[in-house]
Amino acid sequence: NSVAPYLDQIQLLATSNMQQRHWQALLEDCGITSGYHSGIKLDEIISMGLLSNKDRIASETSVAIGESQLEEEFKEIQNRWSSIQLPTVDGQAKSEDSLLLNNVDDMITEIEDSVLSLTRMMSLPFVHGVKDQVTKLQAQLESSALILDAWQLFQRNWVLLSSLFSHEDAKNSLQQQTTRFNWVRRRWVSIVRHASKDLALLVVCQFPSLLEMMKENNAALEGI
């Protein structure tokens, strides 16, 4: 039986979730010029002489298994954050300049935990297949945490000052501060308009230069 001596190798190849890149690397490592194709049959693999390379098969299937496990872990994190929305305050009055959030401390902590997981992934030899995706999500989450922190600070100042500048006597007596407040308000309205279309955290935080805008808004409000 031509298959019997190679049962271990066949089982490894069949169960290790080998992708095309793994097959190509294995064939090249074994000096086999025949290309891999998705419909390859066992008799083709045997005729190539591939199955006699037991150690090389063990090595490449180990890589494939490691990458598959890491990619599944990454997808769990990615799917988790793709489904997370901004934690808005229930029952708040809808207006063009109002989008209040509940406390986001727990969300920021969860983001930091996910960033640590992604950082660990980047240090592993099996990250190759999803390296760019891991890097992108890590940057998105790091930026989101900073935005949420800045948003909390802005919200505290905004609730106080928007109430103050809703009164005509305050506007008249604090004209310079009113001009600065109105500048912040125009920028804030554009953020609220964007966020209201889709409250998904990662979508909201893609607003161009959002972190910089929030920091500038905070500096302006604190200077009033």
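Buried here means under 20% relative accessible area. The model shown in all views is predicted.

**View 1. The buried face of helix H2.** Helix H2 spans residues 20–29, and its buried residues are His22, Trp23, Leu26 and Leu27. These four cover an arc of only 130° around the axis, so they lie on the same side of H2. The cover over the buried residues of H2 includes helix H1 (7–15), helix H3 (42–48) and helix H4 (54–82). Just after H2 comes Gly31, which takes a positive phi of about 70°.

**View 2. Arg21 and Glu67.** A salt bridge joins Arg21 to Glu67, with 2.8 Å between the closest N and O atoms. The pair links distant parts of the chain, since Arg21 belongs to helix H2 and Glu67 to helix H4, 46 residues apart. Arg21 has a relative accessibility of 33% and therefore counts as partly exposed. Glu67, in contrast, has a relative accessibility of 4% and so counts as buried.

**View 3. Arg21 and Glu71.** The side chain of Arg21 also meets that of Glu71 in a salt bridge, at 2.8 Å from N to O. Here too distant parts of the chain are linked: Arg21 is in helix H2 and Glu71 in helix H4, 50 residues apart. Glu71 is buried, because its relative accessible area is 16%. Taken together, Arg21, Glu67 and Glu71 are linked in a network of salt bridges.

**View 4. Glu216 and Arg187.** Glu216 and Arg187 form a salt bridge in which the closest N and O atoms are 2.5 Å apart. Glu216 lies in helix H10 and Arg187 in helix H8 (residues 175–197), so the bridge ties together parts that are 29 residues apart in sequence. With a relative accessibility of 41%, Glu216 counts as partly exposed. Arg187 counts as buried, because its relative accessibility is 17%. A search of the whole structure finds 10 salt bridges.

**View 5. The surroundings of Asn218.** Asn218 is placed in helix H10, which runs over residues 210–222. Its relative accessible area is 5%, so Asn218 is buried. When neighbours within four places in sequence are left aside, Asn218 is in contact with Ala150, Leu153 and Phe154.

Technical notes. Residues numbered from 1 in each chain as written. Predicted model: local features only at pLDDT ≥ 70, side-chain atom pairs only at ≥ 80, totals over all residues. Heavy atoms only, no water. Helix = DSSP H or I, 4+ residues; strand = E, 2+ residues; numbered from the N terminus. Buried < 20%, exposed > 50% of the residue type's maximum accessible area, 1.4 Å probe, protein only. Contact = heavy atoms within 4.5 Å. Arc of directions from axis to C-beta. Salt bridge = Lys/Arg side-chain N within 4 Å of Asp/Glu carboxyl O.
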